[in-house]
Amino acid sequence: MTTLEGRTILMSGGSRGIGLAIAVRAARDGANVALLAKTDTPDPRLPGTIHTAADDIRAAGGNALPIVGDVRNDDDIARAVESTVAEFGGIDVVVNNASVINLSRTLELEPKRYDLMQDVNVRGTFMLSRAAIPHLKNGFNPHILSLSPPINLDPKWLGAHTGYTLAKYGMSLVTLGLAAELARDGIAANTLWPRTTIKTAAVGNILGGETLLAKSRTPEIYADAAYEVLTKPARQFTGRSLIVEDVLADAGITDLKKYSPGVDESELFPDIFL
């Protein structure tokens, strides 16, 4: 189980950042990657579209299927699953990458922003995974991977941004629940989260701008860890709340300097959930 060659991944989001890095890493093995994402046309605030992401996947050696749609929409999810199966013959992996971040405190968090996080993060994770389960049952070494944190009941996180915390922990609870439910079917379900912030548009635009980006690791560290998870035997490696750096260490990768060139490890900014 040391390669993703020929395996088919259905991912929510993936037009840029961590999702795209995971897709490109899989493509280097010759994987098939279907992306369900909204970014059909360029946004001046954000790099890349679903189409440029597909180009990057193909350039890396994989096959790409860009599916313009919204993970909040059940019809779009059904169409994404049907299109992926029609194009590639099945589904082996679901990556729940799409996520909305809003760190507002409770009184400042508008109901529509709260609902957006719940709909994309929690409901999207549940419904995309649910729709793919019949095909995962027939998949090769099937995995569900959600990019969400371990459940940490420390009041400093529960109280810092309750709405966002609920949405991210919801992704994790869905995934761990699926791990228990689907174990008999041999479908793995795990979560994966980094110890430090990652250079993404969300970090740059929402958390701390260029200053924080300079203290963050590149998305490739997440991608390399996700690769290690998705190539593990599904029946034996499931129901885990994984940390990126621990996964890499277990794989013998302990020198992480290439993921933060020119930055002292002590200057890296810790992730908000750890």
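Colleague: At what relative accessibility does aspartate 246 lie, and how is that value classed?

Modeller: Residues under 20% relative accessible area are buried, those over 50% exposed, and those in between partly exposed (1.4 Å probe, protein chains only). Aspartate 246, at 34%, is therefore partly exposed. Arginine 195 also has a value of 39%, again partly exposed. This is a predicted model, in which local features need pLDDT of at least 70 and side-chain atom pairs pLDDT 80 or more, while totals for chains, interfaces and linings use all residues. Residues are numbered from 1 along each chain as its sequence is written, and side-chain values use heavy atoms, without hydrogens and water.

Colleague: How many salt bridges are counted?

Modeller: A salt bridge requires a side-chain nitrogen of Lys or Arg within 4 Å of a carboxyl oxygen of Asp or Glu. Nine are found here. One of them joins arginine 195 to aspartate 246, N to O, at 2.9 Å. Arginine 195 is in the loop between strand S6 (188–193) and helix H7 (201–213), and aspartate 246 in helix H9 (residues 244–250), so parts 51 residues apart in sequence are tied together. Helices (H or I, at least four residues) and strands (E, at least two) are DSSP runs numbered from the N terminus.

Colleague: Are arginine 217 and glutamate 245 buried or exposed?

Modeller: Both are buried. Their side chains form a salt bridge of 2.8 Å, N to O. The loop between H7 and H8 holds arginine 217, and helix H9 holds glutamate 245, so this pair ties together parts 28 residues apart in sequence.

Colleague: Which residues are linked in a network of salt bridges?

Modeller: Arg25, Asp29 and Asp224 are. Helix H8 (residues 219–230) contains aspartate 224 and helix H1 (residues 17–27) arginine 25, so the bridge ties parts 199 residues apart in sequence. Both aspartate 224 and arginine 25 are buried.
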